[in-house]
Structures are given as C-alpha cells and as structure tokens.
Amino acid sequence: RPVTVIEAEVLRGMLKGNFFRGLGYLGEGFRLIRQPGLRLFVVIPLVINILLFGLLFYFLAELFAAMIATAMSWLPDWAWLQSLDWLFWILYGAVILLMLAYGFVILANLIGSPFYGYLAELTEKHLTGQEVSTDDGWSQIIRDIPRSLWREVQKILYYLPRAIGLFIIGVIPVVNLVAAVLWFVFNCWMMSLQYVDYPADNHRVSFPALRRLLGDTRLSALGFGLPVALAAMVPVLNLVVVPAAVCGATAYWVRENGPSNTDV
C-alpha cells in the first residue's frame, strides 16, 4: 500500500543524522584525552575508577569464594565432586565479566560525574578555540556535585523501567529473539544519552530536551553509542573508554547540535 504522509514523516525522523559520522566520535574522544589541558581531569576519575574496579572485584571474589565453600560442603564427600570447584570459578569469571560490564559503568559514572562534567566543559573550549584554563577547576567540581548526581539519577530512572520491559519481553518464547536486538539498540541509545548529557548539562539543557535533541540526529546518536556500548563490555577497556566517551560526546554535541541548541 502507499506510504501515508504521517508514516513518511515518522520514517524521516528515524533516519535523521549520519550513522557513520557518529561512529567516528569515540575515536576522536581517544585523541582528545591526550591533550595537555585535559589530561589531569582524565587521570583523576580514571584512578578513582581503577580503585573502584579493584574493590568490587575483590569483594565479589571473596563473596563468591565463600559461596563456593558452602556449596561444596553440601556435596557428598566424593573426590570427583570436590574437584569441581574449578568449574564454579569459571562460572564466577563469566558472572563477574557481565556484572562489571554493566554495573561498573553505572557506578563509575555516578561517582565521576562532577569530573566528567568539567572535562566536557574543557573539551568544548578546546574544540571551539577558547582558552583552556583549569584555575577554578576544583571549586567548580565541588559546586556541581549536587546537580551532577541528580542528572545521573534521572538517567537511571529513565533506564530502569525500559530495561525491565525489555527483560520481560526477553523471557517470552519466540519474542525473545527480537528482544536481543532491542537490548543492543537500546544500550547504544543509552550510551549516547549517558555521555552527551555531560556537555548538554553544562548548557543547562534539561534531560527531556536532550532526548529530543538526540532524536533529531538519531542515526548519529546510535552510531556514537555503538562503539561505546561494545567497549563498555570489555573489562579494563571500560575504564579508559569513559573519559574518551565524554570527550567524544562533547565533539558530538558541538558538531551535531551546535550553539543554536544550547538554550533549550
């Protein structure tokens, strides 16, 4: 049947932006974090993230070791059963990878959000040719802590009901085949929201307004979120990708949205 005017407008809205241009912003972010004026505010949250990563890994390891010891004590005293503890540790490694891939990024962003907001500001100054000065860096970071934390809470509140909905879809036979694709697309979208929010918040753009702005360049947003989502699933690499994603998202903000959208 012929496509109606409304359907054509919806399709046009879904195809706004440039997917391949979006793919390049994370690579630009990795180049930006090596700039002298930005390094300090890359290193500090990176050190915090490494400490957090190490503590989480240690406590999860201790917890799982205790669980393995308890489980093995319930088994009959047969040598071949007692020797299966290595299998439990393999399962532990898989669980840890998944937990750190998704849960760690949320915690790291929550703790490092004041640093990332300031890093986004310095990156934008660098990209727009302004002088990059860190004289008032610490005072500004401290002032921005309440607002930064509230923005992270807003993102979590946006994420949770949609993630729960996708989880429910994922347990329905046949339909769950589609859910896997939806999960990945949604994660790409969330990565764009997560990191473009830092420069957007610096311009006092509300979170609902940011979602509309990213919707206006939807393909670019998904293109940017794709490599970030993939990198976030790789332990250790997800430590480095966070500041690079902040810088890449700032480049996205400057080039895709422009100054005309900073007063939304």
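Author: Helices here are DSSP runs of H or I, at least four residues, numbered from the N terminus. The model is predicted, and Thr-123 sits in helix α5.

Reader: Why is Thr-123 called buried?

Author: Buried means under 20% relative accessible area. Thr-123 comes out at 0%, so Thr-123 counts as buried.

Reader: And what does Thr-123 touch, leaving out residues up to four places away in sequence?

Author: Leu-32, Leu-38, Cys-247 and Thr-250.

Reader: Moving on to α9 and α10, what makes α9 roughly antiparallel to α10?

Author: Look at the angle: the two axes cross at roughly 170° and come within 9 Å. Angles over 145 degrees count as roughly antiparallel, so that's the label α9 gets relative to α10.

Reader: Which residues make that contact?

Author: From α9, it's Ser-220, Ala-221, Phe-224, Val-228, Ala-231 and Ala-232. α10 brings Leu-237, Asn-238, Val-241, Ala-245, Gly-248, Ala-249, Tyr-252 and Glu-256. They split into ten nonpolar, three polar and one charged.

Reader: Which residues touch the most other members of the largest nonpolar core?

Author: That core has 51 residues, and the ones in question are Leu-193, Tyr-195, Val-196, Leu-210, Leu-214 and Phe-224. At least two core residues come from each of α2, α3, α5, α6, α7, α8, α9 and α10.

Reader: What is Leu-214 in contact with, leaving aside neighbours within four places in sequence?

Author: Trp-189, Ser-192, Leu-193, Val-196, Ala-221 and Tyr-252.

Methods
Residues numbered from 1 in each chain as written. Predicted model: local features only at pLDDT ≥ 70, side-chain atom pairs only at ≥ 80, totals over all residues. Heavy atoms only, no water. Core = buried A, V, L, I, M, F, W, Y, C linked by side-chain atoms within 4.5 Å. Buried < 20%, exposed > 50% of the residue type's maximum accessible area, 1.4 Å probe, protein only. Contact = heavy atoms within 4.5 Å. Axes fitted to C-alpha atoms, helices over the stretch in contact; angles between N-to-C directions. Parallel < 35°, antiparallel > 145°, perpendicular 65-115°, else oblique. Nonpolar A, V, L, I, M, F, W, Y, C, P; charged D, E, K, R; others polar.
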